[in-house]
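Subject: Structure for you to look at

Hello,

Here is the structure I said I would pass on. My notes on what was found in it follow below.

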Amino acid sequence: MLIRDAFKTALRSLMHGMMRSVLTMLGVVIGIASVIILMSIGQSAQDLILNQVQSIGSDLIIITPGAPANGKFSPPASAQGIIVTSLKQNDVDALQREPAILYAVPEVRGQADVVYGNNIVTEGYTGSTQDFFLVSNLAATAKGQPFAKSDVDSGNHVVVIGPDLATTLFGANVDPINKTIRVKNISFRVVGVLGKSGMGAFGVDIGNLVVMPITVAQTQLLGTNFFNVIVTQANASYTIDFVKSRIAFTLEQNHGIHDSNKDDFNIETQADILSLLGNITSILTLFLAAIASISLIVGGIGIMNIMLVSVTERTREIGLRKAVGATDSDILKQFLIESILLTSAGGVIGIALGAAVVGIVYEALTTFASIGWVFAFPISSVALSLAVSGVAGIAFGIYPARQASKKNPIDALRYE
Amino acid sequence: MIEVHNLQKEYLDEETSTLALRDVSFSIKKGEFVSIMGPSGSGKSTLLQILSFLDRPTGGTYTFDGRSIDEMTDRELAQVRNRDMGFVFQSFNLLSRLTVYDNVEIPLLYSNIPPASRPALVEAAVNSVGLEEKLNTEAGKLSGGQKQRVAIARALVTGPAVIFADEPTGNLDSQSGLQIMDILDSLNKKGRTVILVTHETQTAEFANRIVRIRDGKVESDEPIAAHRASGSLK
């Protein structure tokens, strides 16, 4: 039997039971649509995160306290809630003397109630130097200006806040500049409101940021003398890898470390962070797609079930076809093609449905929520979905097709 | 064309064995019209199934056009069924949702005949049974007599040398039955071998020879003239 004829015969059989065919493929439609939607959303989330990390600048190198993971898939110790005190002011001073480094900006972080009048918001706060605004691309303020070196040196109680927090605390009609807010019951004068909102690096909510001089944060809010992170900006005349090696050398000297395997700090370039984030989001996307593929398996089992029913119902047809010359392989081919057509059609409809849902989600998020959602519809997910639906057709159709092909023509012709 | 010698068919299950055919021997020449008659359970349908390559004997020999069934693979048997044999069943076995054209085309799908040649062959076969105006009608909408004529067209479409008909008039009224037998008779007169299984004397009389089977054995094998002379057909 020619493949063309097998397709024609299979298609005709499916068209005659149109409603049944549609209902049968519904499971595959939902399964493929779920995979498409989750892979697309995963890709969008990945693009969004990576774009935001990239927006910090490709010349930033982040130093966190604690031993590096040495290639293991693990966050640094400081990010696991372990207090590591290895990064101190003398490290910042030494790094600032290094010609390969433009800026070395220490940061400390905490969380506290931020109060203005009767408005209380629990927010994370950051203590840093005046250079924080430069390296974070936040120097352009909407109102007022960032605090200055003199504020850091003198330990002035001044803060710069994000625009969303400003609205929450002061409302839309009150100018926050020179108003006094309390952070952990300590008064601060608002000197600036940041010019942009949204998500920043490491999931920092810029719109709700509270930034104060690091001297005040360390001595009066946290009572510590170490840093949570040092952000360095490389001198453009040097390669990132060279700067990274200089940072390691400087800190090892400062900490008296002679074996780099015993480093008590972790250096990550933007490429490292992008790679790590990329890995995390890829794994997350694959995990979600794997969950979605369960519905694909359920859909496939549904197809196998209906194909088995179809084989039984069409026993006499099988007997007739065999009597007039069909071989076992002709019958196998016909039923297998029916199954592949069902799953492939389900795959195509599922892709279209998935694309529609992804488009609606994109429109909704960009229209109603002010986050920089990226429309991502990876071609790889379309190719994968088509391949998976085709393979599902073979995997779930082979058993019913074999059952059909093995029927004895005499028994089949007698079947009532 | 067909030669069977000491043919046996034994059905085995876990506890018992049933000998459906025993020591059946006869031959059929090209162009003959043979009726196989016998009461229910006599083995006539089993014999037809073996003669038409739908089943294999468990003993004896069967040669078709000089080739023994024992030497042929299942695929070869299917090829011979498609190329050299046509089938007419009591219950028509048409696919009711397909048109007359599509039903008649089915054997061609499994042949080596190129797709471009098929329409002419289908139309010629349908014309030969007088149903040209029903070519695009769904088979399920035809009368019983028309359905059997479509079944005959399907049996003819590959140009087989022999037509096997298993109780072809069993589901038809007498007039339609007569029309079907006239068609089979005219096909035989044009040179096709027709092998008919029936228990109806009136139908069997169209043949020029009757083989009677009883309890799996050939009881008699005589020309129709001998039956008429002895009055055994009444």
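The buried residues of helix 5 of chain B are Gln146(B), Lys147(B), Gln148(B), Arg149(B), Val150(B), Ala151(B), Ile152(B), Ala153(B), Arg154(B), Ala155(B) and Leu156(B). Please keep in mind that this is a predicted model. With 11 of its 13 residues buried, helix 5 of chain B is largely enclosed by the rest of the structure. What do these buried residues pack against? Their partners, also in chain B, are strand 6 (85–88), helix 3 (100–109), helix 4 (118–128), strand 7 (162–166) and helix 6 (174–189).

The length of helix 5 of chain B (residues 144–156) was checked as well. At 1.5 Å a residue, its 13 residues should span 18 Å, and the end C-alpha atoms are 19 Å apart, which agrees.

Two residues of this helix, Val150(B) and Ala153(B), come up again in the largest nonpolar core, which has 113 residues. They are among the members that touch the most other members, along with Ile36(B), Ile163(B), Phe164(B), Leu184(B) and Ile195(B). Leaving out residues up to four places away in sequence, Ile36(B) touches Lys44(B), Leu47(B), Leu48(B), Ile195(B), Leu196(B), Val197(B), Val211(B) and Ile213(B). Another core, of 57 residues, lies apart from the largest one and includes Ile49(A), Phe132(A), Ala166(A) and Ala234(A). As background, nonpolar side chains tend to be buried together in soluble globular proteins.

Strand 1 (residues 2–12) of chain B pairs with strand 2 (residues 17–28) of chain B in the antiparallel sense, over eight bridges. A hairpin of four residues joins these two strands, and Glu3(B) has Ser27(B) as its bridge partner in strand 2. Strand 1 of chain B also runs antiparallel to strand 4 (residues 59–64) of chain B, with five bridges between them. There, Val4(B) has Tyr62(B) as its bridge partner.

In chain A, the domain assignment gives domain 1 (3–53 + 275–414) and domain 2 (85–263). The C-alpha centres of these two domains of chain A lie 52 Å apart.

Last, the contact between the chains: 17 residues come from chain A and 18 residues from chain B. On the side of chain A, helix 1 (3–16), helix 10 (315–323) and helix 13 (409–414) each supply at least two residues. Helix 10 of chain A gives the most, with five residues. By type, the residues on this side of chain A are eight nonpolar, four polar and five charged.

Regards

Conventions
Residues numbered from 1 in each chain as written. Chains lettered and ligands numbered in written order. Predicted model: local features only at pLDDT ≥ 70, side-chain atom pairs only at ≥ 80, totals over all residues. Expected span 1.5 Å × (residues − 1). Buried ≥ 20, exposed ≤ 12 C-beta atoms within 10 Å, placed from the backbone. Contact = placed C-beta atoms within 7 Å. Domains from an automatic or database assignment. Pairing = 2+ DSSP bridges. Nonpolar A, V, L, I, M, F, W, Y, C, P; charged D, E, K, R; others polar. Core = buried A, V, L, I, M, F, W, Y, C linked by C-beta atoms within 7 Å.
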